[in-house]
Amino acid sequence: MCLAIEPWVGLFLTELFEFFEIVGASLTGALSPGVAMTTTEKAPAYGTRAWFKKAYRSTPDDPWGLSWRLSQLVRYDLIVKILKRHVPGKESSLGVLDIGCATGDFASTLSSALGMPGGRLIAVDFSEEAIFRARKKYLDVDFRVMSIDAVGAPFRDSMDVITCMEVLYYLDDIQRKEALENMKNALKEGGLLLVSSRISRSPYFQKDELREFVAAEFDIVEAGEIHVGFMGGVEKFVMRVNKLFYKLGLGNPTRLLRRIIPTTNIRLGKAIEKVSRLCGPITASHAYVLARKRSNLHRAEIRLRRLS
Ligand SMILES: C[S@@+](CC[C@H](N)C(=O)[O-])C[C@H]1O[C@@H](n2cnc3c(N)ncnc32)[C@H](O)[C@@H]1O
């Protein structure tokens, strides 16, 4: 039935997400994508270190509710399942790198899911504040302050798996290409890259756009969508109100919210995601791409084909 009314359901849900975001944003005066900024200070440019510094300082945990929002937990759960399907055995000896790890929530989840001994999974972020908080929170991951454009040299040909989720849309076109090149350099031949992005207008990616971007340098293994936009929209509204409370010195009601939002019930979140998925591609909120680094031989063949 849902499939029959798909365009209407999709349109309604999209409008609803936008509504929650707009109402929430106007409550706090936030106009930048993703996180709230105060209007009295000159806002740093979107996606810069200074922008993230300010974003982290606006909250005691992280600006996106990565450890407690049901939509984030469902997103992590689905990505971990995809990786586990493709990652080879002998997990304890794998080289795994998470880029743009924020406060480490996904890195730690992945480390446990792959059964990697403490500290073997490396996670980097260019925000010192994020890494400081991540180190305090999780002891099972090796956290380092590093920018995505610097991972190629120190990790050259050493990683079996690289994950880079919700980072590329903070970079401009040139930086994105450099980032892809760096991730390719850090991977072993045949190593796997998992990237994801929220699906939306620029600076975000459209789902095919992310796939095409990666396909220029890698062999695509799998690509798809995650449908957590409805949950995400409602949560974002709640987070804006939360930030308003924090700004007004009324404490941090996140703790209360964590109790209200049934965070531990991932099953409920997954059920909501499935229902949303049934309503068709229009409810897709995130695109992911899993791709494999080409062998040197394969790369040489492609270069030859391009030349001829
Ligand atoms: C939206 S969070 C994503 C967190 C996590 N990967 C996830 O999917 O839940 C984006 C993170 O990317 C980091 N980041 C942005 N640009 C970066 C860059 N050029 N190099 C390294 N980290 C970066 C930010 O500091 C921030 O912590």
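Strands S2 and S3 (residues 142-145) run parallel and are joined by four bridges; strands are taken as paired if DSSP finds at least two bridges between them. The model is predicted, so that local features need pLDDT of at least 70 and side-chain atom pairs count only at pLDDT 80 or more, while totals for chains, interfaces and linings use all residues. Residue numbers start from 1 along each chain as its sequence is written. Helices (H or I, at least four residues) and strands (E, at least two) are DSSP runs, numbered from the N terminus.

S1, helix H4 (residues 105-113) and S2 form a right-handed β-α-β unit.

S2 (residues 122-125) is covered on both faces, with Ile122 and Val124 buried on one side and Ala123 and Asp125 buried on the other. A residue counts as buried if 20 or more other C-beta atoms lie within 10 Å of its own, as exposed if 12 or fewer do, and as partly exposed in between, with C-beta atoms placed from the backbone. By this criterion, 38% of the 308 residues of the protein are buried. In helix H2 (residues 49-57), the buried residues are Phe52, Lys54, Ala55 and Tyr56, and they pack against helix H5 (128-137).

The largest nonpolar core has 62 residues, and Ala123 is among those with the most contacts inside it, as are Leu97 and Leu193. Helix H3 (residues 70-86) supplies the largest share of this core, six residues. Such a core is a set of buried Ala, Val, Leu, Ile, Met, Phe, Trp, Tyr and Cys residues joined through C-beta atoms within 7 Å. Leaving aside residues up to four places away in sequence, Leu193 touches Ile162, Met183, Leu187, Phe218, Ala291 and Lys293; contact requires C-beta atoms, placed from the backbone, within 7 Å.

The ligand is surrounded by 17 residues, of which Gly100, Ala102, Phe126, Ser127 and Met165 are the closest; the cut-off is a C-beta atom, placed from the backbone, within 6 Å.

Key:
Two residues are in contact if their C-beta atoms, placed from the backbone, lie within 7 Å. A crossover is right-handed if, with the strands pointing away from the viewer, the path from the first strand over the helix to the second runs clockwise.
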